[in-house]
Amino acid sequence: MSFQVKEPILVIGLGGVGSKLAKEAKNVLDADCLTISNDKKDFSSDNSSIHISTGSVINPSIPLIRGSTYKVADEIKSKISGHSTVILMSNLAGKAGSAMAPVISEMCKEAETGLVSFAVMPFKYEKDRIFNSGISLKRVRENSECTVVLDNDALLESNPDLSPKACYEIANSAMMHVVKSLGSSEISNETHVLSTSKNSENMEDSLRDSLKMLYDNAPPNSVKRSMLYVVGGSDIPVGVINSITNITSGIVSQSNSQIDMSSSEESKVVMLSSIQGMTKFDNYDPLGMIPQEDTLDWSTPECSIDSELDFYQLE
Ligand SMILES: Nc1nc2c(ncn2[C@@H]2O[C@H](COP(=O)(O)OP(=O)(O)OP(=O)(O)O)[C@@H](O)[C@H]2O)c(=O)[nH]1
Ligand SMILES: [Mg+2]
């Protein structure tokens, strides 16, 4: 089933990276924008923002940021209300994003606002972030009509020669391509993996890198369908476009392609693939295999609240 993106749209950015992406997405979609963070430095004066205060704690833990987010729930809900679709830009590699994304996505679900979530996953070497990003993603997927996952780690895996900064640029530009296409192409109510490559003269190389990145995230048999965005399409021979489309249809069961004529400096392939079944991220939480119905404390995500009782705070 395809997801209908309806106006008015609200783009919500969480934390530093999420806010940066939300500002870009807002300009692309001409939508309203809200940034939410525990760090005031992430805000800019031209967008509305909600500060999550963690009191006197300057290095808050993820459960503390999450607990503090619930305190301003009414303010966040009132910003969401009146919008038909929310586009959530969350960096689950960051503390703010992995703390708040489950909470904000839950609020959208409760308000019956259509939700498309973008989630950035951490590099493998960011060991302290892996677990939290995995549990957050599980909840975000659960609460969203449609989730688009971009894995920094898979990008690095297929481009080990790139610096983190170069990886970020590629990742962010791929996400903006999908945001841009929300108005023109269909997106289904599923989890999608976004994969891409660095800028390349050779589109077949670019397709190969995108497939490599995709298969780093999910096994081939779990890829149902792929949408191929050919960036810089106006300068690429039609024969090449035809050939990469044919290659893709031979690999994934259903594929479709869209030629992006807008950008002339870049040429690369961006793939958006819908996934059914397990992904690499399901293993980020060792207990993630346990089905939700067998989990006793699933309803509320773990958070730290000051109960003002004489209990030792366990976290
Ligand atoms: N895709 C992408 N990932 C990024 C970008 N910048 C940083 N990252 C990743 O996100 C992680 C966290 O980066 P931060 O700059 O701390 O992000 P933040 O959203 O401000 O997160 P917190 O401050 O921890 O809440 C980094 O270690 C990278 O893995 C970016 O521009 N694009
Ligand atoms: Mg930050």
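Modeller: In what follows, Ala, Val, Leu, Ile, Met, Phe, Trp, Tyr, Cys and Pro count as nonpolar, Asp, Glu, Lys and Arg as charged, and the others, Gly among them, as polar. The model is predicted: local features need pLDDT of at least 70 and side-chain atom pairs pLDDT 80 or more, while totals for chains, interfaces and linings use all residues. Residues are numbered from 1 along each chain as its sequence is written, chains are lettered from A and ligands numbered from 1 in the order in which they are written, and side-chain values use heavy atoms, without hydrogens and water.

Colleague: What makes up the shell around ligand 1, by class?

Modeller: The shell has 7 nonpolar, 6 polar and 4 charged residues. A residue belongs to it if one of its heavy atoms lies within 4 Å of the ligand. Of the 17 residues around ligand 1, Lys20, Lys95, Ala96, Glu126 and Asn172 come nearest.

Colleague: Why is the pair formed by Asn172 and ligand 1 called a polar contact?

Modeller: A polar side-chain atom of Asn172 is 2.7 Å from a nitrogen atom of the ligand. The term requires a pair of N or O atoms within 3.5 Å, so this pair qualifies. Lys20 places a polar side-chain atom 3.0 Å from a ligand oxygen atom, and an N or O atom in the side chain of Asn152 is 3.1 Å from a ligand nitrogen atom. The protein covers 79% of the 640 Å² of accessible area (Shrake-Rupley method, 1.4 Å probe) that ligand 1 has on its own.

Colleague: Which elements give two or more residues to that shell?

Modeller: They are helix 1 (15–29), helix 4 and helix 7 (164–181); helices here are DSSP runs (H or I) of at least four residues. Helix 1 gives the most, with 4 residues.

Colleague: Why is helix 4 called roughly parallel to helix 5?

Modeller: Helix 4 (residues 95–110) and helix 5 (residues 127–143) pack at about 10 degrees, with axes 9 Å apart. Angles under 35 degrees count as roughly parallel, over 145 as roughly antiparallel, 65 to 115 as roughly perpendicular and the rest as oblique. The angle therefore makes helix 4 roughly parallel to helix 5. By class, their contact (heavy atoms within 4.5 Å) has 3 nonpolar, 5 polar and 4 charged residues.

Definitions and conventions. Axes fitted to C-alpha atoms, helices over the stretch in contact; angles between N-to-C directions. Polar contact = N/O pair within 3.5 Å; in protein donor to acceptor, adjacent residues only side chain to side chain.
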